[in-house]
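Thanks for coming, everyone. I have a few minutes and one structure to walk you through. Please have a look at it first.

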Amino acid sequence: MRFDVLSLHPGMCEAPLRTSILGRAQKDGHITVNIHDLRDWAEGKHKQADDTPFGGGAGMVMRVDVVDRGIQAVAQSGGRVLLMDPAGRPFTQADAQRLASEEQLVLVCGHYEGIDARVREHLIDEVISIGDFVLTGGELPAMVVIDAVARLLPGVLGNEASSQTESFSDGLLEAPQYTRPRIYRNWAVPEVLLSGHHARIDAWRAEESRALTAAVRPDLINSAGTGEDEQD
């Protein structure tokens, strides 16, 4: 799978992509990630990719012509173009699973006071938000989306079952996990996990998963209980 990131600050994206699972996935050829500086498609002596907003207001707005040229240069036939923006649809595990079936994702990172609205209106397939808060730009959200999608691709994770049993894979949070030492400061691992009885362990994990979800994310319990699908 190919990812192309369009950013005014490509340096913000480099370190997360070089390390851990994402770095290994690129080295092994499971994914390709290209980081592009939007100023490469800006014109003039100063390569200006932003300008003052029409109608007045604080800050600078990213230019539609610069973003358009960048998208046209990197988007392949059938590629899906995403805008990282707090006014987008909340990103979920279901979205990651859906996007993992694409051949290419182009991620446009907004910055400054925003991006010309014509980008959203005419050049984007969907707008994604990673939460109800505002960041300095779309670079960190783009890294979140790449990480969430890439780890679902065949060969990226060492254990393919990992992505099937973790939080949100079935609409609930993952059950608590434990490892050595068996007892630490009088805090003991639950006996059922030491029993070797797989049916009992599965039942315990299912019960703990639902209990944890009910305690910290009751909204997920309600959705799972009604069988509602978050996708349109």
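Start with Asp 65 and Arg 69. They sit four residues apart in helix 3, so about one helical turn separates them. Asp 65 is partly exposed, at 24% relative accessibility. Arg 69 is partly exposed too, with a relative accessible area of 29%. Keep in mind that this is a predicted model.

Now, what does Arg 63 pair with? Its side chain meets that of Asp 51 in a salt bridge, at 3.7 Å from N to O. This pair links distant parts of the chain. Arg 63 lies in the loop between strand 4 and helix 3, while Asp 51 is in strand 3, 12 residues away. Arg 63 counts as partly exposed at 30% relative accessibility. For Asp 51 the relative accessible area is 31%, again partly exposed.

Glu 43, Asp 51, Arg 63, Asp 65 and Arg 69 are linked in a network of salt bridges. The count for the model comes to 13 salt bridges.

Here is another one. Asp 4 forms a salt bridge with Arg 2, and the closest N and O atoms are 2.5 Å apart. Is Asp 4 buried or exposed? Buried, with a relative accessible area of 0%. Arg 2 is partly exposed, at 24%.

Asp 4 also brings us to His 36. That histidine is found in strand 2, residues 32-37. His 36 is buried, at 17% relative accessible area. Leaving aside neighbours within four places in sequence, His 36 is in contact with Asp 4, Val 5, Leu 6, Ser 7, Trp 41 and Val 74.

Next, helix 8, residues 198-216. It has 19 residues, and at 1.5 Å a residue they should span 27 Å. The end C-alpha atoms are 27 Å apart, which agrees. Which residues of helix 8 are buried? Ile 201, Trp 204, Ser 209 and Thr 213. Seen down the axis of helix 8, these buried residues fall within an arc of 160°, so they line one face. On the other side, Ala 199, Glu 207 and Ala 215 are exposed.

Last stop, the surface. Met 12, Phe 133, Leu 135 and Leu 140 make a nonpolar surface patch of about 340 Å². Leu 135 is in the loop between strand 7 and helix 6. Its relative accessible area is 36%, so Leu 135 is partly exposed.

That's my tour. Over to you.

Note on methods. Residues are numbered from 1 along each chain as its sequence is written. This is a predicted model: local features need pLDDT of at least 70, side-chain atom pairs count only at pLDDT 80 or more; totals for chains, interfaces and linings use all residues. Side-chain values use heavy atoms; hydrogens and water are left out. Helices (H or I, at least four residues) and strands (E, at least two) are DSSP runs, numbered from the N terminus. Buried means under 20% relative accessible area, exposed over 50%, partly exposed in between (1.4 Å probe, protein chains only). Contact means heavy atoms within 4.5 Å. The expected span of a helix is 1.5 Å times one less than its number of residues. The arc is that of the directions from the helix axis to the C-beta atoms. Patches are made of residues with over 30% relative accessible area and no salt bridge: like charges are joined within 9 Å, nonpolar side chains (Val, Leu, Ile, Met, Phe, Trp, Tyr) within 5 Å. Accessible areas come from the Shrake-Rupley method with a 1.4 Å probe; for residues, only the protein chains shown count as cover. A salt bridge is a side-chain nitrogen of Lys or Arg within 4 Å of a carboxyl oxygen of Asp or Glu.
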